[in-house]
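Good morning, and thank you for making time for this presentation. Please keep the sequence and the structure in view while I speak.

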Amino acid sequence: MPEHTRVLIIGSGPAGLTAAIYSARAQLNPIVIEGEPSSTTDQPGGQLMLTTDVENYPGFPEAITGPELMANMRAQALRFGADLRINKVQVLDTDSRPFRAWLSDDDEPSITADTVILATGARSMMMNVPGEERLLSHGLSTCATCDGFFFRGQDIAVVGGGDSAMEEALFLTRFASSVTVVHRRDALRASKIMQERALANEKIRFAWNTKVTEVLGDEKVTGLAAQDTVTGEDRVLDVTGVFVAIGHIPNTTLVMGQVDLEENGYVRTGLGSFTNVDGLFAAGDVQDHVYRQAVTSAGSGCIAAIDAERWLEAQGH
Amino acid sequence: MSEQITTLTDATFDEVVGASDKPILVDFWAEWCGPCKMIAPILEELAVEQSDKFTIGKLDVDVNVATATKFSVMSIPTLLLFKDGEVVARLVGAKPKGAMLQEISANL
């Protein structure tokens with residue numbers, strides 16, 4: 001017999017854990033399937049597990065590290081009785097009532113739920129160029145905080161022009177001799193404060209209008225082949241490390257074909273956290289391609305918990 | 001940390017790994033590595049559950065750079081499985097317990 005819950009929360013970033021805090025305090029005894037250990041953003045705690053200082057989360061005037069912030073949220077959810085589990089939902093059926101979820105190694109669905117709050121977040125996009133997959137963990141990385149240490153005294157590159165790319169570049173200057181930011185355009189997407197910090201850093205150089213065409217190296221990264229997007233000229237950047245920070249894509253595999261998505265692949269939410277599937281709510285980066293902040297994600301987790309609670313009441317559950 | 005897991009250093013690595021009569025799984029980790037912390041409890045469990053098949057050691061790459069460099073560790077966590085002093089398997093990145101054990105067992 002599968003175990004039944006009124007609220008099943010999938011994901012444990014700020015959205016999932018805030019939803020857990022709210023629905024646990026509302027006595028809904030939520031089960032949270034946190035995810036499984038991984039070295040990508042697809043891990044318990046989500047994207048913040050791979051960041052360093054979070055300076056803009058209200059309430060922490062001296063900044064807090066991403067992993068600490070997530071540990072705090074987790075502890076807060078546990079304090080109110082949320083049932084947190086290190087596991088992964090492999091299949092979700094939102095056609096049946098109640099919903100059914102299969103976890104890792106399940107042959108039969110092990111959880112049924114009256115409502116599901118989908119908070120599966122987003123993951124790093126890869127460049128999809130030759131050499132990338134082969135050299136991943138051999139000089140190519142998507143996690144500066146994990147791997148930056150191994151590039152002491154080396155010349156390395158960060159690919160991307162947004163806040164994540166600037167944060168990685170700035171962090172990597174602690175170890176590397178130089179960090180070249182490789183960006184397809186001639187201006188950064190990053191916020192003003194992050195741009196200013198990066199532009200002011202002596203160790204950071206910029207390769208503008210530059211598109212990576214190949215990651216070079218046999219057993220370790222030896223360089224980046226790139227093309228000038230204006231002149232079409234090919235060039236090689238001599239770097240021994242490459243960090244990819246070109247953006248994110250939402251983790252929607254679980255609900256593919258079951259729920260309406262926006263054209264860009266994010267889950268479509270109408271008012272609040274409602275999706276087009278009755279009883280299925282979405283929160284955080286899986287449905288937000290605009291703001292994507294820890295605090296907006298937490299806020300949307302709160303909205304989803306309240307929406308789910310009221311929906312359950314209206315259904316007489 | 002569990003008593004089952006041996007702490008290795010640059011100074012003791014060759015001796016301990018070379019003299020190990022059972023295969024030994026070495027966890028290259030560091031304090032600042034989030035994914036390393038996440039697999040730490042899994043390794044503690046494996047050290048107890050699999051003690052008849054292999055032993056586990058950990059090496060802090062922050063203070064033992066020579067050994068990390070020698071084995072070309074460029075990303076952590078990296079788990080290297082040694083049999084008779086030779087690397088027989090390399091697991092890069094945090095993984096769930098089942099997947100980890102499967103890869104280790106296939107190379108024992």
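I shall go through ring pairs, charges over rings, helix packing, and then some local backbone features.

First, the conventions. This is a predicted model, in which local features need pLDDT of at least 70, side-chain atom pairs count only at pLDDT 80 or more, and totals for chains, interfaces and linings use all residues. Residues are numbered from 1 along each chain as its sequence is written, chains are lettered from A and ligands numbered from 1 in the order in which they are written, and side-chain values use heavy atoms, with hydrogens and water left out.

Let me begin with the aromatic rings. I count a pair when rings of Phe, Tyr or Trp, the last by its six-membered ring, have centres within 6.5 Å; planes under 30 degrees apart are stacked, over 60 edge-to-face, and the rest tilted. Over all chains, the count by this rule is 13 aromatic pairs. One of them joins Phe151(A) and Phe243(A): the ring centres are 5.4 Å apart and the planes stand at 75°, so this pair is edge-to-face. It connects distant parts of the chain, for Phe151(A) is in the loop between α4 (144-147) and β11 (155-159) of chain A, while Phe243(A) belongs to strand β17 (residues 241-244) of chain A, 92 residues apart. Helices here are DSSP runs of H or I with at least four residues, and strands are runs of E with at least two, numbered from the N terminus.

Buried stands for under 20% relative accessible area, exposed for over 50%, and partly exposed for what lies in between, with a 1.4 Å probe and protein chains only.

A further pair is formed by Phe171(A) and Phe175(A), with centres 5.5 Å apart and planes at 70°, so it is edge-to-face. Phe171(A) is buried as well, at 10% relative accessibility. Which residues do ring pairs link into a cluster? They are Phe149(A), Phe150(A), Phe171(A), Phe175(A) and Trp32(B).

Next, charges over rings. The criterion is that NZ of Lys or CZ of Arg lies within 6 Å of the ring centre and within 35 degrees of the ring normal. In chain A, Arg25(A) is over the face of Phe80(A), 5.3 Å from the ring centre. In chain B, Lys58(B) places its charged end over the ring of Trp29(B), at 5.0 Å from the centre.

I turn now to helix packing. Two packed helices are described by the angle between their axes and the distance between the axes. Axes are lines fitted to C-alpha atoms, for helices over the stretch in contact, and angles run from 0 to 180 degrees between N-to-C directions. In chain A, the axes of helix α1 (residues 14-25) and helix α2 (residues 66-79) come within 8 Å and cross at roughly 25°. These two helices, α1(A) and α2(A), are therefore roughly parallel; that term covers angles under 35 degrees, with over 145 roughly antiparallel, 65 to 115 roughly perpendicular and the rest oblique. The crossing of α1(A) and α2(A) is left-handed, which is to say that the near helix is turned anticlockwise from the far one by less than a right angle, clockwise being right-handed.

In chain B, helix α2 (residues 34-49) and helix α4 (residues 97-105) have axes that come within 11 Å and cross at roughly 50°. That makes α2(B) oblique to α4(B), and their crossing is right-handed. The contact includes Ile39(B), Ile42(B) and Leu43(B) of α2(B), with Met100(B), Leu101(B) and Ile104(B) of α4(B).

Finally, the backbone. Where are the cis peptide bonds I wish to show? One runs from Arg97(A) to Pro98(A), with omega near -5°, and Pro98(A) is in the loop between β6 (89-93) and β7 (99-103) of chain A. Another joins Ile76(B) and Pro77(B), with omega about 0°; Pro77(B) lies in the loop between α3 (65-70) and β4 (78-83) of chain B. That loop between α3 and β4 of chain B also holds Ser72(B), a residue other than glycine with a positive phi, near 50°. Ser72(B) is partly exposed, at 32% relative accessibility. In chain A, Asn128(A) has a positive phi near 55° and is exposed, with a relative accessible area of 70%.

How values were computed
Contact means heavy atoms within 4.5 Å.
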